[in-house]
Amino acid sequence: MTEQIGSQIGSQIGSQGRQRRPGRQVLRILHLLSSAGWFGVGVAQLGLHLIARGTGRPALRFHAYEIGGMFGQMLSAPLAITALVTGIVLAARSPWGVFRHWWIVIKVVLTCAVIGFASTALASWTDRVTER
């Protein structure tokens, strides 16, 4: 009998502990959705660029590059920045911290590098290709 009461109290405390941290759960979901969305946009852009490279039809090439560029400006950049910010906030609020483990630092640096490369080099390359 006392074991049942103890387990009930323990389960209530555990569930209450989870309810006290709704912000962390929202951050996790936002981080997961933005990271997966960023990856999905990247795959779609790759597909569009491969179609544009492989076609002999100038109109299709132009529109594939144009849509790929719009994906980069309208979807990829906001999703990437959201994934970066939510990842840093989650790491800062966790026991691991942002700078405590080398792999977290590498993830942040690589994410910043990809965002920088995509917003400068890839954007200018896409602009040059669509001008042709």
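The structure is a predicted model, in which local features need pLDDT of at least 70 and side-chain atom pairs count only at pLDDT 80 or more, whereas totals for chains, interfaces and linings use all residues. Residues are numbered from 1 along each chain as its sequence is written, and side-chain values use heavy atoms, with hydrogens and water left out.

The chain contains 4 helices and 0 strands, in the order α-α-α-α along the sequence. These elements are DSSP runs numbered from the N terminus (helices: H or I, at least four residues; strands: E, at least two). Of the 132 residues, 22% are buried, where buried denotes under 20% relative accessible area, exposed over 50%, and partly exposed the range in between (1.4 Å probe, protein chains only). Among contacts (heavy atoms within 4.5 Å) with a separation of 6 or more, 68% involve residues 24 or more positions apart.

Helix 2 (residues 22-54) comprises 33 residues and spans 48 Å from its first C-alpha to its last, close to the 48 Å expected at 1.5 Å a residue; the expected span is 1.5 Å times one less than the number of residues. Its buried residues include Leu27, Trp38 and His49. Two of these positions can be related to helix 3. The C-alpha atoms of Leu27 and Val89 lie 8.2 Å apart, at a sequence distance of 62 residues; Val89, in helix 3, is partly exposed at 30% relative accessibility. The C-alpha atoms of His49 and Tyr65 are separated by 6.2 Å and by 16 residues along the chain. Tyr65 also belongs to helix 3, but is buried, at 4% relative accessibility.

The largest nonpolar core consists of 5 residues, namely Trp38, Ala80, Ala83, Leu84 and Ile115. Such a core is a set of buried Ala, Val, Leu, Ile, Met, Phe, Trp, Tyr and Cys residues joined through side-chain atoms within 4.5 Å. Helix 3 (residues 58-92) contributes the largest share of this core, 3 residues. When residues up to four places away in sequence are not counted, Ile115 touches Trp38, Ala80, Ile81 and Leu84.

On the surface, Trp96, Trp102, Trp103, Ile106 and Leu110 form a nonpolar patch with about 600 Å² of accessible area together.

How values were computed
Patches are made of residues with over 30% relative accessible area and no salt bridge: like charges are joined within 9 Å, nonpolar side chains (Val, Leu, Ile, Met, Phe, Trp, Tyr) within 5 Å. Accessible areas come from the Shrake-Rupley method with a 1.4 Å probe; for residues, only the protein chains shown count as cover. A salt bridge is a side-chain nitrogen of Lys or Arg within 4 Å of a carboxyl oxygen of Asp or Glu.
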